[in-house]
Amino acid sequence: MEITKDLTLPKLFLRTVEKYGSRKVAMREKEFGIWRPIAWHEYLERVKALALGFVALGLGRGDKVALIGQNRPEGLWAEMAALCVGGIAVWLYQDSLVDEVQYIVDHSDTRFLIGEGQEEVDKALAIKDRCPKLDRVIWDDPKGMRGYDDPILISLEDVSELGKELDEREPRLFEELVEKGQGDDVCLLFYTSGTTAQPKGALLTHHNMLKMGQNMMAVDPCSEDDDFVSFLPFAWIGEQMMSISCGLQAGFTINFPESPETVQQNIREIGPRVLFSPPRVYEQMVRTVQVRHLDAPLLKRKVYDLATGIGGRIADLKLARKPIPWWLVTLGKLADLAVLKKIRDHLGLACIRRAYTGGGALGPDHLRFFHAIGVNLKQIYGQTEIAGISVLHRDGDIKFDTVGTPLPETEVRIAPDGEILSRSPCVFTGYYKMPEETARTLKDGWLHSGDIGFLDADGHLVVFDRRKDVMTLADGSRFSPQYLETRLKFSPYIKDVWVIGDQCPFLTVVVCIDAGVVGKWAEDNHIAYTSYSELSQKAEVRGLVVEAIGFVNRSLPAPARIRRFVNLHKEFDADDDELTRTRKIRRAFLEERYREIVEALYSEATEVHLDTTVTYEDGRVVHSKTDLWVTEVPEEAA
Amino acid sequence: MTKENVLLQVEDLRIAFGGVSALAGVSLEVRRGEIFSLIGPNGAGKTVLLNCINGLYKPDAGRIIFDGKDVASLRPHQRARLGISRTFQKIELFTGMTVLDNIRLGRHIHMKTGLLDGAIHLGRASREEIEHRDFIERQIIDLLEVEHIRDKVVGMLPYGLQKRVELARALALNPTLILLDEPMAGLNLEETEDMARFILEINKAERWRTTCILVEHDMGVVMDISSRVAVLNFGEKIAEGTPQEIQADPAVIKAYLGEAEELYATRR
């Protein structure tokens, strides 16, 4: 398909609808226990009614429509409807706090805010007085909405009705509005969850999004018979990439889970062929398997170890592009039959052709795990500013420590200071209302990523770390804290970890244990505890962490080994600003917040007293005092 | 107050176990569409009163008039058919069955096809089953947010979810009056708030409009969601009124809340 300058997502949408009509299923939603199909023509009807409804309410070209909610067909309909009439979609993370919602709604000049249900409406009503440009709050799920009578509110159903009335009066209006769109029009305003400052709004055009889908599928074609499960936030560019860019071009079926709690179950029911998720989803899958393994009887554990051992050997040979001896092939088949196939099935990966990870670093151990069980997991590298993707592993050319090679029409080069620069038709037009930031990021069409990396001998891009995060060790060599963190997170007991030690004599870490896994372990070992914070400070639990760190230390050069650590009394939380909404740790903030811990780690202290204040969402402020142990990692383990 | 407005009328109800008089002449009227709470110290007779209303206990004297009809002589399942449904203080589910099967059991009373139809399972029986399944999915599972556990065995579920399944089963009856015996007991704060939300929903939503009699110790919840409150003490009703009136009633504070615990009653 040729992407011309006047092609837009809505025009492509109309073409796809024309092609499939009622013959093919565009999306499915599990509702009331049944997968309910929605054909392409119904998709169009819904979008059309909503689009005209927006027009009836006064939405003009270039107006912003903010959306917040779970993955449901209604969300995608509303987004597409906004795009059809020339609006710009602004997606927010559903767990955003009121202040974050206010910042984005206000900064983006949002006119319509579409929330899924009562919770979102409450947020909207809380901010409406502080966001003067907000005209309408539209809701969808009626549960709990009885008794809400603010005139700013209107239901999605009523908007549809308005649209249908307008359609009767002006039957050609919808098509005319779609026709008006141009490829260079902005379609998405996406706020990047910055690890440092306030979120920045990246402006992406229809052309950006279309080209991204095209270039990605030039490498890995998707077919119209594929199934995709949409369960990650629409506010994440990767989800837009699959549900909108690739979805419309390939015409595959998008499946929406019944509720957030049923995602894993629903993925297994659908058996998607394509999956694109941030690292945490894969980390969770590995942890699930590891925990089951810890729980299994001895014989099962032995069989599992044997099978994954064989799978790992084969994966290593395959990726090194070395021949696999016949006997190993035979063993591999047996291992697959006995164990690996079942693991894939339990993870919902039974039919998977390609799985992608992006939006953060996934550890080499995790990647190897998936290849060992026979899942073709590939890295994607890109930023929101380049519509999500610029570099990708090719089938059969995968290395655990790289992110692959650039897509077609994409150039990647390394600046003299090591920064990764990229240029392609997908590069965004700038940040909304932030000319200085734009000038700093976009120079002569080159997108400055802020990441440090290099190209290896085979032309693969290796991403070292964020430039501002790269640390210098005692011996003067530079290292990536993120790399160490991903390695440590392969331990099922460690959920999050923060590596410290820039310009310091040695490295230290702050660990957040995994409450579920460690809790289970404690139960099995008859260790009594009442809370997360107590569990984290138990000598036995600290022993577990010593072991996990020791294991990673053994494969590291002496200066990069971790000497001391503290188990934190709580998990990192995005609500406390410790993580971004995409679960990346915010180092600068952590250093500020946990200064006492850092000081203790680099002193002789064996204990650190924390005096913290927690502010709850309802405004209550609670002081808490906690004593944390500083634990040495013994040299012999290191 | 007109009589049509009264859904349940209890007149001079008495029951004694051995020498202990559990209810010593309790009278009260529950109006249509309200949340009527019963509070009182342990052993005050709250659960006994619920057991009399739904027919588990046969009172020694007194009348129970439900929807204009004296139900005192009816068996529990007959009262259930009239639209009285309940949950229990100590969960009474079939722990070996799935959530869905437990809810279906609550629906059983509305099945019209007989054993023979069911055995052949064609036409009428299968159609009826689909209708009931539709009702359960749309009205109950969606409302109580138990999609993710519908196929789980009840015994494996955490306590908070089991409480929710109990409510689901009681709702499957499509009741006019629901008796809730300590629905919040043993729940954490979040689960309590969810439960309160569900109770309000079944009471207020157009679809349900179910009258509730609530026995509960969590005063925060009782004072928040009740239309009226009655206080029992040693088998006698010592007060009745709106939550505000009850909170201010000196007899109540003395008998139940205790002077020092006044704050507790106004929690939140």
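Predicted model: local features only at pLDDT ≥ 70, side-chain atom pairs only at ≥ 80, totals over all residues.
**Exercise 1. Strand β11 of chain A**

Which residue is the bridge partner of A:Asp227 in β11(A)?

*Solution.* 

Step 1. The partner of A:Asp227 in β11(A) is A:Thr253. This pair belongs to the parallel pairing of strand β10 (residues 227-229) of chain A with β11(A), which extends over 3 bridges.

Step 2. Burial is then examined on the two faces of β11(A), residues 253-256. A residue counts as buried if 20 or more other C-beta atoms lie within 10 Å of its own. A:Thr253 and A:Asn255 on one side are buried, as are A:Ile254 and A:Phe256 on the other, so both faces of the strand are covered.

**Exercise 2. Helix α4 of chain A**

State which residues of helix α4 (residues 98-107) of chain A are buried, and identify the elements against which they pack.

*Solution.* 

Step 1. The buried residues in α4(A) are A:Glu100, A:Val101, A:Ile104, A:Val105 and A:His107.

Step 2. An α-helix has 3.6 residues a turn, so residues three or four places apart point the same way.

Step 3. The packing partners include strands β3 (64-68), β4 (88-92) and β5 (110-115) of chain A. Strands β8 (186-192) and β9 (200-205) and helix α5 (118-127) of chain A also pack against the buried residues of α4(A).

**Exercise 3. The six-stranded sheet of chain B**

Give the strand order of the open sheet of 6 strands in chain B, and trace its pairings.

*Solution.* 

Step 1. The order is β6-β7-β8-β3-β9-β10, and the pairing is mixed. At the edges stand β6 (84-86) and β10 (236-241) of chain B, each of which pairs on one side only. From one strand to the next, the twist averages 20°.

Step 2. Strand β7 (residues 177-181) and strand β8 (residues 211-215) of chain B run parallel and are joined by 5 bridges. In β8(B), B:Val215 is the bridge partner of B:Asp181.

Step 3. β3(B) and β9(B) also run parallel, with 4 bridges between them. B:Ser37 has B:Val229 of β9(B) opposite it. B:Val229 in turn stands opposite B:Gly241 in β10(B).

Step 4. β9(B) and β10(B) run antiparallel, joined by 5 bridges. Their hairpin has 2 residues between the strands, and B:Phe234 takes a positive phi near 45° in this hairpin.

Step 5. Helix α1 (residues 46-54) of chain B lies across β3 (35-39), β6, β7, β8 and β9 (228-233) of chain B. The helix runs at about 150° to β7(B).

**Exercise 4. The four-stranded sheet of chain B**

Describe the open sheet of 4 strands in chain B.

*Solution.* 

Step 1. The strands follow the order β2-β1-β4-β5, with antiparallel pairing. The edge strands are β2 (20-31) and β5 (69-70) of chain B.

Step 2. Strand β1 (residues 6-17) of chain B is joined to β2(B) by 9 bridges. Within this pairing, B:Glu29 in β2(B) is the bridge partner of B:Gln9.

**Exercise 5. Domains and chains**

Describe how the two domains of chain B meet, and then how chain A meets chain B.

*Solution.* 

Step 1. The domain assignment of chain B gives domain 1 (1-83 + 175-268) and domain 2 (96-174). Their centres, taken over C-alpha atoms, are separated by 27 Å.

Step 2. In the contact, 14 residues of domain 1 of chain B meet 12 residues of domain 2 of chain B. On the side of domain 1, the elements giving two or more residues are α2 (76-82) and α7 (189-204) of chain B. The most come from α7(B), with 5 residues. By class, this side has 8 nonpolar, 2 polar and 4 charged residues.

Step 3. Between the chains, the contact takes 8 residues from chain A and 9 residues from chain B. The side of chain A that touches chain B has 1 nonpolar, 4 polar and 3 charged residues.

Terms used:
Residues numbered from 1 in each chain as written. Chains lettered and ligands numbered in written order. Pairing = 2+ DSSP bridges. Axes fitted to C-alpha atoms, helices over the stretch in contact; angles between N-to-C directions. Contact = placed C-beta atoms within 7 Å. Nonpolar A, V, L, I, M, F, W, Y, C, P; charged D, E, K, R; others polar. Domains from an automatic or database assignment. Buried ≥ 20, exposed ≤ 12 C-beta atoms within 10 Å, placed from the backbone.
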